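I opened this model to look up a few local features and to write down what I found for each. The entries below keep to what can be checked in the coordinates.

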Amino acid sequence: MTTKLKLYLDLIRWNRPAGWLLLLWPSLAALWVAADGFPGWHLIAVFTLGTILMRSAGCCVNDVADRDFDKHVKRTANRPVTSGRLGVKEALAVGVVLALCAFGLVLTTNAATIAWSFAALAVTLVYPYAKRFVSMPQAVLGVAFSFGIPMAFAAVQGEVPLLAWGLLLGNLFWVLAYDTEYAMVDRDDDLNIGMKTSAITLGRWDVAAIMGFYGAYLAIWAALLEAATRGQWFWLGLGGAALQVGWHFALIRGRTREGCFKAFRLNHWLGFSVFAGIALSYI
């Protein structure tokens, strides 16, 4: 592997798939709900590949936007752009190519999905700068990481019903939960450089708030998807997710960097549990 290719793979976090899995599971769940069952291999491929590409493009934009801050944070100081091993223009060029590839996939769907993809791109570009001005920038990330939900409904139904926005709201609480865990890892560094995060804003209420966010996510999705009528598979999926929430509490209650980072990295299994319960409920 060439040095340049390795830098590009580091830039897009290729060795850390947890990031795109956090985007993927709610998008696939929304596809199943919108289609009232299996949505077809074409849409599964479009949303899976598109998720990987757009998350990778978002990493490029984020690293360029945060390059002067990341050098003061232990976890991010060695990122390719921050360390100077990749230039700003080159990193942005990689992001543009990836975003165009994702847009090419969107073009194989319908007009409604194409239109909503521009809104999704706008939110993706705004988030890296929200950390400078918004006390809870994780809420902005929540919208960005949930936009696959309305796009999934648009791809299947040609429109975005109220249900899609309700599921987006519920998913936003999940993003608030896991990204606050992530922010707890860097809280000391972020305080020193003046970065705004939910972990700093919530202070000593961080753990309690995270548990509340998880609860809101599961409760909203259960209510909107009429859990009482969906059978045992759906309840098993929700139950598996709820058990993981309890595990996360054990990991983050001490507020250690290692525990909080582990909790964040394992969140994709929580999302998978919810998705699996939804998909199997249609069998």
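This is a predicted model: local features need pLDDT of at least 70, side-chain atom pairs count only at pLDDT 80 or more; totals for chains, interfaces and linings use all residues.

**Cysteines.** I looked for disulfides, taken as a pair of cysteine sulfur atoms within 2.5 Å, and the structure holds zero of them. Cysteine 60 is in no disulfide, and the nearest cysteine sulfur, which belongs to cysteine 59, lies 6.9 Å away. I then checked accessibility, where buried means under 20% relative accessible area, exposed over 50%, and partly exposed in between, with a 1.4 Å probe and protein chains only. Cysteine 60 counts as buried because its relative accessibility is 0%, and cysteine 260 is buried with a relative accessible area of 0%.

**Arginine 79.** I found arginine 79 in the loop between α4 (67-70) and α5 (88-106), where helices are DSSP runs (H or I, at least four residues) numbered from the N terminus. Arginine 79 has a relative accessible area of 9%, so I recorded it as buried.

**α8 with α9.** I took axes as lines fitted to C-alpha atoms over the stretch in contact, with angles running from 0 to 180 degrees between N-to-C directions. The axes of α8 (residues 148-157) and α9 (residues 162-185) come within 8 Å and cross at roughly 155°. That makes α8 roughly antiparallel to α9, the term for angles over 145 degrees. For the contact (heavy atoms within 4.5 Å), I listed Ile149, Pro150 and Phe153 in α8 against Leu163, Ala164, Trp165, Leu167, Leu168 and Asn171 in α9. The residues of this contact divide into eight nonpolar, one polar and no charged.

**α2 with α8.** I next looked up α2 (residues 18-35), whose axis comes within 8 Å of that of α8 and crosses it at roughly 35°. On the α2 side the contact includes Pro26, Ser27 and Ala30, and on the α8 side it includes Gly148, Ile149 and Phe153.

Note on methods:
Residues are numbered from 1 along each chain as its sequence is written. Side-chain values use heavy atoms; hydrogens and water are left out. Helices (H or I, at least four residues) and strands (E, at least two) are DSSP runs, numbered from the N terminus. Angles under 35 degrees count as roughly parallel, over 145 as roughly antiparallel, 65 to 115 as roughly perpendicular and the rest as oblique. Ala, Val, Leu, Ile, Met, Phe, Trp, Tyr, Cys and Pro count as nonpolar, Asp, Glu, Lys and Arg as charged, and the others, Gly among them, as polar.
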